[in-house]
Amino acid sequence: METLKKIGKQSLAFYQGLSPARRWSLGLLLVLSLAFFVFVALVLSRDDFRSLGGGMSAEEVQATVARLKERNIPARVRDAGDGVEVPASRLDEARMELAAAGLPRAGGAGFELFDHDDLGMTRFKEQVTFQRALEGELARSIRSLKEVRSARVHLVLPQRSLFREEQREPSASVMINLLPGADLEPARVKGIRYLVSSAVEGLRPGRVTVID
C-alpha cells in the first residue's frame with residue numbers, strides 16, 4: 001500500500017513539473033490510447049453476421065426474425081430487405097431452429113415435402129416429389145452464397161430406358177438473381193455446376209446451365 005502511495009506521489013509531482021503544453025500533450029495521448037483500446041475491445045468482441053439466405057418475401061422475413069427472437073437468437077434484416085442475418089457463432093443453431101419451424105419457405109420446399117406420410121402416393125408422384133425436393137435443397141444451398149438474392153433449380157431427369165442407345169442424359173438449369181452490384185466469379189459458377197451435378201446420378205457438369 002505504501003508503495004502505491006509513493007508511486008502516486010511521484011507521478012503527481014512529475015505531472016505538476018510539466019509545462020502546460022506538455023500536460024496537454026500527455027492528456028491527449030492518454031485519451032487517444034484509451035480510445036484505441038476501447039475500439040480494439042469492441043472489434044474483438046463483435047460477432048460477424050452471416051446470411052441465412054435471400055429471396056424471402058416480406059412475410060417470410062418477418063416470420064423468420066420473429067422465430068429467432070423467440071429463441072433469443074440475435075437477427076437483423078439484410079440490406080436488400082429480402083433475407084435475415086444472424087451472428088456467425090449461432091448460424092448452425094439458427095438454421096436448426098428455422099428448419100424445425102419450416103422456415104424460410106422461399107425458393108421452393110426441400111426434403112420436408114416427405115415429412116407428411118402419404119400412403120396413397122404412387123411411384124410417379126413419389127418421383128416427382130423427390131425431384132421437387134432435390135431442386136429445393138439445391139436452391140437453398142446456392143442461395144447461401146453472399147452474392148445471390150434468390151435461386152431456382154430445374155432438373156430434367158429422363159426415365160430409365162432398357163436400351164442404352166435410347167437413354168437420354170439428365171440436364172439441369174440454374175436461374176440466379178444476384179444482389180445489386182454483385183457478380184458471380186467463374187469459380188463460383190463452376191462450383192454451382194459441380195454442386196448440382198454431384199447431386200444427380202449421371203449428370204455431367206457440362207449439362208448444367210447457369211443463368212444470372
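This is a predicted model: local features need pLDDT of at least 70, side-chain atom pairs count only at pLDDT 80 or more; totals for chains, interfaces and linings use all residues.
**Figure 1**
Six residues of α3 are buried: Glu60, Val61, Thr64, Val65, Arg67 and Leu68. Viewed along the axis of α3, these buried residues fall within an arc of 160 degrees, so they line one face of the helix. Ala58, Glu59, Gln62, Lys69 and Glu70 are exposed and sit on the face of α3 turned away from the buried side. An α-helix has 3.6 residues a turn, so residues three or four places apart point the same way.

**Figure 2. Length of helix α3 and the residue Asn72 that follows.**
Helix α3 covers residues 58-70, and its 13 residues should span 18 Å at 1.5 Å a residue. The C-alpha atoms at the ends of α3 are 18 Å apart, in agreement with that value. Just after α3, Asn72 takes a positive phi of about 60 degrees, although Asn72 is not a glycine. Asn72 belongs to the loop between α3 and β2 (76-77). Asn72 counts as exposed because its relative accessibility is 61%, and the cut-off for exposed is over 50%.

**Figure 3. Salt bridge between Arg76 and Glu85.**
The side chains of Arg76 and Glu85 meet at 2.9 Å, N to O. Arg76 is partly exposed, at 42% relative accessibility. Glu85 has a relative accessibility of 17% and therefore counts as buried, the limit for buried being under 20%. A search of the whole structure finds four salt bridges, and the pair Arg76 and Glu85 is one that the model contains.

**Figure 4. Salt bridge between Glu137 and Arg140 within helix α5.**
In this pair the N to O distance is 3.4 Å. Both residues lie in helix α5 (residues 123-143). Because Glu137 and Arg140 are three residues apart in that helix, about one helical turn separates them. Glu137 is partly exposed, with a relative accessible area of 25%. Arg140 is also partly exposed, with a relative accessible area of 26%.

**Figure 5. Salt bridge between Glu147 and Arg188.**
The closest N and O atoms of Glu147 and Arg188 are 3.2 Å apart. Glu147 is buried, with a relative accessible area of 10%. Arg188 counts as partly exposed, at 30% relative accessibility.

**Figure 6. Nonpolar surface patch of Trp24, Leu28 and Leu32.**
Together, Trp24, Leu28 and Leu32 have about 350 Å² of accessible area. Leu32 is part of helix α2 (residues 20-45). With a relative accessibility of 51%, Leu32 counts as exposed.

**Figure 7. Setting of the close-up views in the whole protein.**
The protein has six helices and six strands, which follow the pattern α-α-β-α-β-β-α-α-β-β-α-β along the sequence. Of its 212 residues, 28% count as buried. The protein exposes about 14,700 Å², and carbon and sulfur atoms supply 56% of that area. Among contacts with a separation of 6 or more, 60% are accounted for by residues 24 or more positions apart.

Notes: Residues are numbered from 1 along each chain as its sequence is written. Side-chain values use heavy atoms; hydrogens and water are left out. Helices (H or I, at least four residues) and strands (E, at least two) are DSSP runs, numbered from the N terminus. Buried means under 20% relative accessible area, exposed over 50%, partly exposed in between (1.4 Å probe, protein chains only). Contact means heavy atoms within 4.5 Å. Accessible areas come from the Shrake-Rupley method with a 1.4 Å probe; for residues, only the protein chains shown count as cover. Patches are made of residues with over 30% relative accessible area and no salt bridge: like charges are joined within 9 Å, nonpolar side chains (Val, Leu, Ile, Met, Phe, Trp, Tyr) within 5 Å. The expected span of a helix is 1.5 Å times one less than its number of residues. The arc is that of the directions from the helix axis to the C-beta atoms.
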